[in-house]
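Here is a structure to read through questions and answers. Each answer sets a value against a definition.

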Amino acid sequence: MALLRRRKASEAEKAQHSGSKSDKEIERTDEENDKNINNRKKAKKAKFEGKKKWSCLDSCCWFIGCICTVWWILLFLYNAMPASIPQYVTEAITGPLPDPPGVKLRKEGLTAKHPVVFVPGIVTGGLELWEGHQCAEGLFRKRLWGGSFGEVYKRPLCWVEHMSLNNETGLDPSGIRVRPVSGLVAADYFAAGYFVWAVLIANLARIGYEEKTMYMAAYDWRLAFQNTEARDQALSRIKSNIELMVATNGGKKAVIIPHSMGVLYFLHFMKWVEAPAPMGGGGGSDWCAKHIKAVMNIGGPLLGAPKAVPGLLSAEAKDIAAARAMAPGFLDNDLFRVQTLQHVMRMTRTWDSTMSMIPKGGDTIWGDLDWSPEESYVPRKRKQRDNDSQTAEQTDTETLDSQKKSINYGRIISFGKDVAEAPSSEIERIDFKGAVKGNNVANITSCDVWTEYHDMGIEGIKAVAEYKVYTAGSLLDLLHFVAPKMMARGDAHFSYGIADNLDDPKYEHYKYWSNPLETKLPNAPDMEIYSMYGVGIPTERAYVYKLSPYSECYIPFQIDTSADGGKEDSCLKDGVYSNDGDETVPVLSAGFMCAKGWRGKTRFNPSGIQTYIREYDHAPPATLLEGRGTQSGAHVDIMGNFALIEDIIRVAAGATGEDLGGDQVYSDIFKWSDKINLPL
Amino acid sequence: MLRRRKGSEPEKSSGGDSKDQREDESKKEKEKEKGKLKSTKKWSCIDNCCWFVGCICSIWWFLLFLFNAMPASFPQYVTEAITGPLPDPPGVKLRKEGLTVNHPVVFVPGIVTGGLELWEGHQCADGLFRKRLWGGTFGEVYKRPLCWVEHMSLDNETGLDPPGIRIRPVSGLVAADYFAPGYFVWAVLIANLARIGYEEKTMYMAAYDWRISFQNTEVRDQSLSRIKSNIELMVATNGGKKVVVIPHSMGVLYFLHFMKWVEAPAPMGGGGGSGWCAKHIKAVMNIGGPFLGVPKAVSGLFSAEAKDIAVARGIAPGFLDADVFGLQTLQHVMRMTRTWDSTMSMIPKGGDTVWGNLDWSPEAEYSCNPKKQMNNDNKTADQTEKGSLGLKNSMNYGRIISFGKDVAEAHSSRIERGSFDLQGAVKGKNFVNTTCRDIWTEYDDMGIGGVQAVVDYKSYTADSILDLLHFVAPKMMSRGDAHFSYGIADNLDDPKYKHYKYWSNPLETKLPNAPDMEIYSMYGVGIPTERAYVYKLTPGAECYIPFQIDTSADGSSKDTCLKGGVFSVDGDETVPVLSAGFMCAKAWRGKTRFNPSGIQTYIREYDHAPPANLLEGRGTQSGAHVDIMGNFALIEDIIRVAAGATGKDLGGESGDRVYSDIFKWSEKINLKL
């Protein structure tokens, strides 16, 4: 209001000013005419004088006006500009751009053949509100997740409340219905301008794809996989749509392209669709053979991702940990009484799907206290662009000289850097499972945010810290200890072990379906499975933790960002041990199944489905003009990688894995896989 | 503009220089004063502009900020303060009654309301990939109109995509919830259904490309297969509960086509078997359906103008007619719409039997009484009947097109009709120069002789309209003939009626064998609706469409039905009552030959009441063709049926709710049942 009043005042002032001016003008016309001749200097002076009267507010207005006008003119010019100018400018600077793969392959004569199905991953799919509480009024069918995220800033608590699920059932809280957006718009762009599937869709469209041959299998990525069927019939929808597309395209089988968690979701789907009716889709044992040509997994965390662990334990990943180190006051202090991290944690812990990405296979896969498959890994020096000839062999030679000091990746969580590096014999561990979960001695009134840490008490927290080191196997115990309710839900829907006998009838339960180590692939010898992922980016693999200093209202554990490796190219940075991967999923998780677990006829792959590994070496965009790059290997940005898109289009247009050239490998995945001792 | 701005800045800096000078040599008081005067003058026009723009911007931002900070319930609060408490929206009301989701619902949007997006285009449409060309903001229409017309047009021979262009319907509920920002179509209904628990798994928008003929949507996009598959999926995942289908406008015809298609055997049809509809459909709730076509389609095809455009032309004659900017707007629109086969699905069907001949029409006695006041809902059909008794001068609605007002009103014996017949009239070569050929309409092929022959025939009834259209647009109609038919079947068992071109004509098909199904006809009444036209020759017939509505033709008395060259009758502004109601009022009522299994039919009319004030937007009691989708009474009916009610439960006389004379008019139509 103050602003308005001031504005009015200034207007009045101006009117007065001009009124008096005109009076004076009449008075002095004659006089002025006389002095007209010698006026040059005076005029200049006068101008200055006028400026003074021209008050600050007027100047402001003048300034804003100028800016606005210039802005509008530029906007107009921008709009009037032919659409090809940005491209022209880019080409002038960086040299001619390569044709996008769609255009290139269209020139080669490829056309739409197999229908394609996209299965988006966690986080990337949009969610919209269908029913909400009072505070979410006016948001009906507006996106709460994806899009502009405007509501997060406008009413954060309301947003958290609506995005959370029921803590007991893992389904909707009463009176709230948040549902996945459907159609290609569900995940083409995550936020405005931040593409996920859009580039791939655009390139497929170039060779003739359209909505009748492309289907986005959108689902609510917060729910456990089986719950998406129970609540939304999402799996039935996918089944029905694949059947429809195969039928309307003359029986041509579908090419499935899952990304990130969608890979696990689709594993679940393949088991579900062939399982008998009450629990499964009742498609019969040859449904996959009849309807699926290829599954092209992009960046699939087939064996889980270590990133999921700190996410569940302390709601932080590398990015947040680094932010905390740089601005310690901001995230920790209770600024604005918002308790950001705690709220985030409470929310994400109600999302069952996050538990699907807890590392699977235990110590056999991820390593124990002293051993891990990747222990000899040394980060490759950042290669220059276009150095693609540098392959695995060179990396081998590099690693030889630094073999001495191997990293204990198997210790996914260590309390303290010294523990992380010490030989296992020196670590004194005290078992925590018996520890009493005391009542929280500190007063509880100040913590309105509910996380299960409040139930743990100081004793429990101490016990956790004193166990010191957690491997993939004991990690599960840890999570059961610190978040029993969450894990109780998780246990009903996911499993993290390795099956000894896959024919055991217990494996017919849906909770095993998304774990590739506890299921058999469908009986579909003509099907192909691709594992496509980026390499060459340091990826979180293990963490150094510490206790938070004041543990009352706060999450008691946090990543110890002060823990750094000594050397410059060390794998330990800010409390995180990193490894080769695509920034989110380590190579081991994305590649192992296709490199070894499913390769040839194994007990996990009884019909001998062909598997291919396609790695894409990361090359950051050369200039800002390239945006997120066309050779990126990062977890999401890889969706814009031209080589990957080209591979997908070729397969969709009818090629087989052999036509693509079989495996394409830059990392040590085969070597590491060999080290894993898993009966096949 | 830019140059001028730069100019002003140095000026300003020179003002700064002068300050230094002034400090060196101080001057007298008077000079200063004069100087001030001078300076305000120097505060140039541009500075003033900037100041002004700045003010406006700041205030605008400030208001915008206030608006954003305002609680969301504020507008509602203001509205309630002014107009008194609003009634609960039907969804809220019925939720309180305990209604919940029961039957899945399927929406079938009509012509024009569905969004279309670009999947492949020419150079000029660069950057529009997957952007809406139709629906949404229509920004591209203004930016690159010719490019837009080129892309929205279809191939003139096949009625399918032109080479290199793929425009496809938007899918999902977003396809037709809003037509343009803020202009709802299905959104209100969706929101109200959501209140009782509906969500996307129980609602399906059967979006299809409304430009192409119904069977072609299947050939090109497999739209019908998609609808079939989705209905089957929804029935299966909802425990076998049958769907309630809600088609609107042309969607009504599309769904008629679908019901025949789905039961027809595989190569031409969907192969669902003869029990498919009985197994999957609980009710078809047609909203504003042009079952028997709409006269508006005729004027649209004939001269690309409907009442609105005709009026605009009357008011600003220079604008649409003159070739401003060399755009030839109407011709472009005409060329575009004529490539859209679907428009031909709405040419009046049933010929003179239904629509009347030169001297007779079922609605002849209708009087266009002045608009009723709001809340006068008790004024029903009785009163209207009384009003019409004193009417001597009955309208010749049967003459859908007349050339000249005198012809429209004269007795049939006095009209001398020229010898117009399709083959006879010579289509002379267009002997005027053909430079305006860049816009292709078939009128250029007709020549002056042909135009004159059309005019000489003077008046056209529903039957002869078809001949007329065949004459003036032979290529278009030959496409149309392959997909649509406008007659009345003598013998419905004739095997020829198995062809898909008959499927969207209710007078040439039988309803499916589904005795438990219900068919509703829901439409607005109480708005004057186009029914017949007075045409004239366009003066300069060179580059222009040779015919246009004679907007000078007005009836004499105040409450006449003839206004601006258009005879109007009761209806919802687009579809006359006769077309929307006749099938459910008579032809399908009980067991007839069109309805062999005796499917129950209900008529639900909604009397139009314009919004009382601007705050109400498009009103909650509207009966207009599209605005009726926000009519609370209609929404309530739909929700009740979706939640399990039958037509009888909805109330009214055996489920009917009637304000117009539809039953009386239907009586007069002599159709063998």
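A disulfide is a pair of cysteine sulfur atoms within 2.5 Å. This is a predicted model, in which local features need pLDDT of at least 70 and side-chain atom pairs count only at pLDDT 80 or more, while totals for chains, interfaces and linings use all residues. Residues are numbered from 1 along each chain as its sequence is written, chains are lettered from A and ligands numbered from 1 in the order in which they are written, and side-chain values use heavy atoms, without hydrogens and water.

Q: Why is the link of C135(A) to C158(A) called a disulfide?
A: The S to S distance is 2.1 Å, so the pair meets the limit for a disulfide. With 80° about the S-S bond, the link of C135(A) and C158(A) is right-handed.

Q: What does the pair C135(A) and C158(A) tie together?
A: C135(A) is in the loop between β2 and β3 of chain A and C158(A) is in helix α7 of chain A, so parts 23 residues apart in sequence are tied together. Helices (H or I, at least four residues) and strands (E, at least two) are DSSP runs, numbered from the N terminus.

Q: Why does C135(A) count as partly exposed?
A: Buried means under 20% relative accessible area, exposed over 50%, and partly exposed in between (1.4 Å probe, protein chains only). C135(A) has 31% relative accessibility, so it counts as partly exposed. C158(A), at 8%, counts as buried.

Q: How many disulfides does a search of the whole structure find?
A: The search finds two over all chains. One of them joins C124(B) to C147(B), with an S to S distance of 2.1 Å.

Q: What makes α9(B) roughly perpendicular to α10(B)?
A: Helix α9 (residues 214-221) of chain B and helix α10 (residues 223-237) of chain B pack at about 85°, with their axes 6 Å apart. That angle makes α9(B) roughly perpendicular to α10(B). Angles under 35 degrees count as roughly parallel, over 145 as roughly antiparallel, 65 to 115 as roughly perpendicular and the rest as oblique. Axes are lines fitted to C-alpha atoms, for helices over the stretch in contact, and angles run from 0 to 180 degrees between N-to-C directions.
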